[in-house]
Amino acid sequence: MTKKMNKIYIYTRYERSWHWLQVVLIAILLVTGLEVHGSFCLMGFEQAVIVHNFVGITWLIAFTFFIFWLFTTGEWKQYIPTTKKILSVARYYGYGIFKGEPHPVPKRKDAKHNPLQRLAYLGVAALLLPSQMITGVLYWTYNSWAEWGLDFLTLGMVAMAHTAIAFGILIFVVIHIYMTTTGHTIFAHTKGMITGWEEIEEGTFIAEWEQKTK
Amino acid sequence: MKFRAYKYIFIQSIALCLAFVLFLSGPSAEENEKAPGRKMADQATKGVKHWSTTDHSKFAVLDKEFESGTEITEACLSCHTEAEEQFHKTIHWTWLSPYDDGNTLGKAGYSINNFCVSANKMNDKECSHCHVGWNGKEDGINCLLCHSQKDIKWREEFDDYKFFLEMGDTEIAGDIQKKIQAGAKDIGLPGRKNCGNCHFYGGGGEAVKHGDLDASLIKPKSTLDVHMGIDGQNFTCTRCHTTSFHKIAGRVYSTPAVTHRKSLVESDLVPKIMCESCHTAAPHKDDHKANDHTDKVACQSCHIPQFARAHATMMWWDWSTAGKLKDGKPYREKGEWDRPTYKSIKGTFTWDKDVTPEYFWYNGSLSTVTAKDVIDPTQPVWISRPTGNRDDGNSRIFPFKVHRGNTPYDKVNNTMLAMLESEEVDGFWKTFDWQDSFKKGMALIDMPYSGEYGFVKTNYVYPTTHMVAPKDTVVECIECHVGNNSRLASLTEFYMPGRDNFKWLDKGGWMIILAALGGITLHAIGRFFAGITRRKEN
């Protein structure tokens with residue numbers, strides 16, 4: 001357990017601010033959304049609606065910047081799904097982690113996501129979040145549906161989809177937060193996301209295919 | 001580098017919090033500014049002071065002794081040549097709906113309610129004193145009921161005048177005559193008392209029928225009625241119930257007050273009977289969610305949070321208990337608010353104050369059951385009921401007072417029963433004989449009576465539209481958008497955020513989250529103990 005740790009810079013300043021901004025936005029959206037849904041009473045229905053709408057639109061705008069960043073920097077390639085080593089990553093979290101084995105796919109600047117993360121983040125960033133934004137915008141523009149020829153929709157349908165996806169996001173959040181504790185210390189990954197620097201065991205090999213092709 | 005990164009995050013989170021706080025405090029900064037709907041209404045009601053070129057006290061034709069009411073009316077009509085013809089066409093005179101050719105709808109037709117049931121031909125002077133004539137439809141219209149600015153009981157004064165004249169007491173008769181003359185010369189547009197003398201006392205007493213109309217509206221504070229408050233807008237009834245050719249705007253039985261929602265901006269000749277006439281269809285501040293509600297929710301639903309805010313109103317009238325006597329004599333019992341809870345002549349009542357309305361889809365029309373209609377006694381009979389539904393573009397959710405009753409009906413013919421009640425004509429209130437009063441009552445309106453009567457549960461609705469409350473007491477979002485005890489709990493045909501959810505989705509969602517938490521906990525415990533074991537081995 002006394003291997004030398006090397007610090008490597010993985011998360012850029014924009015990436016980190018975007019991540020934590022999104023943490024705040026999604027937290028507020030989940031809390032106010034569940035309140036509007038009637039799950040509990042915190043700030044009152046009216047206030048919850050106002051905050052939810054405002055933060056939702058903020059998120060939408062911020063997300064377009066994220067997409068811009070993703071494609072201008074080429075970081076999108078880090079989200080390309082792969083099945084390579086996916087079983088060994090799964091085996092690691094299900095077995096190896098208890099044995100103190102090293103992670104089969106360690107992080108690197110050009111390979112910040114392991115295959116399981118690639119799949120999960122692609123699902124979240126490309127499916128879950130955009131569909132939540134689309135259903136959210138639809139919900140928000142309910143009064144204009146007739147004008148736009150969307151009156152085949154019912155509020156119940158949109159609300160159902162929006163709620164279902166919200167549960168999906170909440171489930172992701174729960175697991176995601178737990179996974180951050182699986183580094184070499186409990187807060188190692190959290191620290192990495194704050195400073196940008198992750199500590200990696202020296203001498204770790206990162207395969208060619210894992211690297212973002214320049 | 002490390003320090004700079006922390007600094008950056010710190011500055012960013014401060015900026016974010018600031019932006020958020022600024023946003024939340026934004027609306028309150030402009031709170032004092034008037035909403036568009038209030039600005040429009042203020043504009044529409046400028047120059048409220050009425051002016052006239054006529055002073056009735058200077059008319060020679062009114063400067064005489066009047067032996068009868070008809071003489072006064074003749075004097076009025078000598079100048080107002082078209083008034084009688086106009087007035088004879090209105091429901092205030094005919095007591096029949098002008099929109100119903102069959103002469104069925106109306107107090108003088110077969111309309112009934114679950115109070116005293118039927119007014120038509122029941123020979124009750126107390127009941128018919130609200131008719132705008134000197135003697136039913138016989139001796140001409142009584143212009144003074146609506147236009148005299150003196151609060152005088154005209155028929156009683158003339159009865160007294162004749163009585164004292166016959167007795168030879170010319171002094172008292174002279175005093176009464178002076179009072180009559182003063183009343184006939186003090187003429188103006190109808191004031192609140194003119195309308196209120198009948199409309200505040202519907203059902204034979206103050207606030208019996210209407211939960212939103214009672215004598216407190218003669219001098220209300222703005223907190224009771226923002227429009228009529230004497231410390232505020234100080235509107236008279238006719239400020240909104242605009243009139244043309246003596247026809248006063250308002251709903252008439254099944255006929256809506258207006259069929260098209262229009263503001264004065266769209267047409268300056270629409271009656272000002274709707275909130276929207278002055279306040280427009282988007283009266284709230286920009287981006288306020290309430291503006292998105294006005295297509296489906298009537299203004300009254302939020303802006304009249306409770307009815308009967310000044311006086312208790314009758315909520316339940318059970319005729320079936322009527323007729324009990326103590327020592328062979330009729331009696332009465334009083335309850336809260338000094339209101340009767342039992343009268344031998346009428347049965348059992350309940351009253352309520354500050355009542356939360358019931359909500360229905362409403363397009364301005366009420367469907368009614370008349371004395372001619374066959375009823376289904378196995379379920380409550382809606383003697384009047386709001387019509388409309390969610391898919392009808394003219395229907396909105398509207399607040400109602402529902403007066404419930406246990407009301408006599410014919411068990412064989414399945415019709416509601418008109419009963420003769422008045423003491424003066426040997427009705428139920430004198431004889432306490434059910435059979436006799438039904439026989440006489442039904443005969444008077446020319447309807448059959450089988451001889452078998454029972455009591456059926458009845459509902460009768462009143463749209464709640466007066467006594468609009470100040471905006472700080474408005475119904476809050478959460479009073480409807482809530483799962484438990486939503487004001488709109490009974491309107492189930494649509495999805496409403498906060499009130500409705502999909503049980504399977506909520507259950508399934510939370511179950512998966514619980515399962516995830518459980519899995520995580522097990523995983524964490526496993527890691528913890530595996531770690532300890534590993535350290536020991538090392």
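Chain B splits into domain 1 (307-480) and domain 2 (503-538), with bounds that come from an automatic or database domain assignment. The C-alpha centres of those two domains of chain B sit 63 Å apart. This is a predicted model, where local features need pLDDT of at least 70, side-chain atom pairs count only at pLDDT 80 or more, and totals for chains, interfaces and linings use all residues. Residues are numbered from 1 along each chain as its sequence is written, while chains are lettered from A and ligands numbered from 1 in the order in which they are written.

**Overall build of chain B**
- You'll find 16 helices and 13 strands in chain B; these are DSSP runs numbered from the N terminus, helices being H or I with at least four residues and strands E with at least two.
- Chain B is more spread out than a compact globule, because its radius of gyration is 31 Å, well over the 24 Å that the globule rule gives for 538 residues. That radius is taken over C-alpha atoms, and the rule is 2.2 Å times the number of residues to the power 0.38.
- Along the principal axes, the C-alpha atoms of chain B fill a box of roughly 130 × 60 × 45 Å.
- Buried residues are 31% of the 538 in chain B. Buried here means 20 or more other C-beta atoms within 10 Å of a residue's own, exposed means 12 or fewer, and partly exposed is in between, with C-beta atoms placed from the backbone.
- Of the contacts in chain B with a separation of 6 or more, 65% join residues 24 or more positions apart; a contact means C-beta atoms, placed from the backbone, within 7 Å.

**The largest nonpolar core**
- This core has 59 residues, and among the members touching the most others are I112(B), F398(B) and M416(B). A nonpolar core is a set of buried Ala, Val, Leu, Ile, Met, Phe, Trp, Tyr and Cys residues joined through C-beta atoms within 7 Å.
- Elements of chain B that each supply at least two residues of this core include β3 (313-318), β11 (396-410), α14 (434-444) and β13 (453-463).
- Neighbours within four places in sequence aside, M416(B) is in contact with residues including I112(B), V117(B), V369(B) and Y409(B).

**Where chain B meets chain A**
- Each side has its share: 33 residues from chain B and 33 residues from chain A.
- On the chain B side, α1 (2-29), α15 (477-480) and α16 (503-537) give two or more residues, and α16(B) gives the most, with 11 residues.
- That side of chain B divides into 19 nonpolar, seven polar and seven charged residues. Ala, Val, Leu, Ile, Met, Phe, Trp, Tyr, Cys and Pro count as nonpolar, Asp, Glu, Lys and Arg as charged, and the others, Gly among them, as polar.

**Spots to look at**
- G69(B) is in helix α3 (residues 69-79) of chain B, and counts as buried because 24 other C-beta atoms lie within 10 Å.
- Not counting residues up to four places away in sequence, G69(B) touches W134(B), D139(B), N142(B), W154(B) and F158(B).
- T280(B) isn't a glycine, yet its phi is positive, near 65°. T280(B) sits in the loop between α11 (275-279) and α12 of chain B and is buried, with 22 other C-beta atoms within 10 Å.
- D426(B) also has a positive phi, near 60°, and lies in the loop between β12 (415-416) and α13 of chain B. With 15 C-beta neighbours inside 10 Å, D426(B) is partly exposed.

Notes. Contact = placed C-beta atoms within 7 Å.
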